[in-house]
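I opened my notebook beside the structure. I wanted to look things up one at a time and write down what I found.

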Amino acid sequence: MIRPILIHPDPRLRKVCKPVEGVDSAVRELMGDMLQTMYDAPGVGLAAPQVGVLSRVIVMDCAKGEDEEPEPICLANPEIVWASEGTREHEEGCLSIPDQYAMVTRPSAVRVRFLDRDGKVAEREFEGLRATCVQHEIDHLNGKLFIDYLGAMRRQLITSKMKKLKRERARAAAE
């Protein structure tokens, strides 16, 4: 099921999410819905708070090339257990902040511990775009958005644009 994506500023996007007790059928259903929603948007990552669920669940698939097989990854309770000293600057966007992009610097590689779709503890190392994506989505679980890495003026400009977008969408829905 495709779920509606919350648009900034929505207070739920600023909440710290609660860990899941374990990966049960409800969490797997959420993961499946999130993947469908992410692919439909389209995006490369999605965190549960972006669909209004304040649980520590993220999904991602950074296989973007036409010759690349989809590689959906579902992570519950993800935590970064190691980050490289080397950094990478990448232009980030967000499904909750549509059509806005900015350069963000993050560690170029991270190792993440999480529960997989089967509820098993796993660890995986991510590099490049996948490292950027997993860090961006984990930030969501902590109530942080990519615009928080920007200067105050740029952040306020983007927030104003999102408020206008929400007003326009509400007006269009009412018609």
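**Entry 1: what kind of model**
I noted first that this is a predicted model.

**Entry 2: salt bridges**
I asked how many salt bridges the structure holds. The count is 11. I then went through some of them.

I started with Asp-148 and Arg-14. They form a salt bridge, and their closest N and O atoms are 2.6 Å apart. Asp-148 lies in the loop between helix H2 (128–141) and H3, while Arg-14 lies in the segment before H1, so the pair ties together parts that are 134 residues apart in sequence. I checked the accessibility of both partners. Asp-148 has 25% relative accessibility and counts as partly exposed. Arg-14 has 36% and also counts as partly exposed.

Next I looked at Glu-71 and Arg-124. Their side chains meet in a salt bridge at 2.5 Å, N to O. Glu-71 sits in the loop between strand S2 (57–60) and strand S3 (73–83), and Arg-124 sits in strand S7 (residues 121–127). The pair links distant parts of the chain, 53 residues apart. Glu-71 is partly exposed at 26%. Arg-124 is partly exposed at 28%. I also found both residues in a network of salt bridges, together with Glu-68 and Arg-130.

Then I turned to Asp-139 and Arg-106. Their side chains meet in a salt bridge at 2.9 Å, N to O. Asp-139 lies in helix H2 and Arg-106 in strand S5 (residues 97–107), so this pair ties together parts 33 residues apart in sequence.

**Entry 3: the start of the chain**
I moved to the segment before H1. Asp-10 lies there. Asp-10 counts as buried, at 12% relative accessibility. Its side chain makes a polar contact with the side chain of Arg-12, at 2.8 Å. I looked at the peptide bond from His-8 to Pro-9 and found it cis, with omega near -5°.

**Entry 4: another cis bond**
I wrote down a cis peptide bond between Ala-41 and Pro-42, with omega about -10°. Pro-42 lies in the loop between H1 and strand S1 (45–47).

**Entry 5: positive phi**
Which residues have a positive phi although they are not glycine? Asn-77 is one of them, with phi about 55°. Asn-77 lies in strand S3. Asp-99 is another, with phi about 65°. I placed Asp-99 in strand S5. Asp-99 is exposed, with a relative accessible area of 63%.

**Entry 6: helix H3**
I ended with helix H3, which covers residues 152–174. Lys-164 has its place there. I read a relative accessible area of 47% for Lys-164, so I put it down as partly exposed. Which residues form a positive surface patch? They are Lys-163, Lys-164, Arg-167 and Arg-171.

Gln-156 lies in helix H3 too. Gln-156 is partly exposed, at 44%.

Notes: Residues are numbered from 1 along each chain as its sequence is written. This is a predicted model: local features need pLDDT of at least 70, side-chain atom pairs count only at pLDDT 80 or more; totals for chains, interfaces and linings use all residues. Side-chain values use heavy atoms; hydrogens and water are left out. Patches are made of residues with over 30% relative accessible area and no salt bridge: like charges are joined within 9 Å, nonpolar side chains (Val, Leu, Ile, Met, Phe, Trp, Tyr) within 5 Å. Accessible areas come from the Shrake-Rupley method with a 1.4 Å probe; for residues, only the protein chains shown count as cover. A salt bridge is a side-chain nitrogen of Lys or Arg within 4 Å of a carboxyl oxygen of Asp or Glu. Lys and Arg count as positive and Asp and Glu as negative; His and the chain ends are not counted. The place of a charge is taken as NZ of Lys, CZ of Arg, CG of Asp or CD of Glu. Helices (H or I, at least four residues) and strands (E, at least two) are DSSP runs, numbered from the N terminus. Buried means under 20% relative accessible area, exposed over 50%, partly exposed in between (1.4 Å probe, protein chains only). A polar contact is a pair of N or O atoms within 3.5 Å; within protein, one must be able to donate a hydrogen and the other to accept it, and residues adjacent in sequence count only if both atoms are side-chain atoms.
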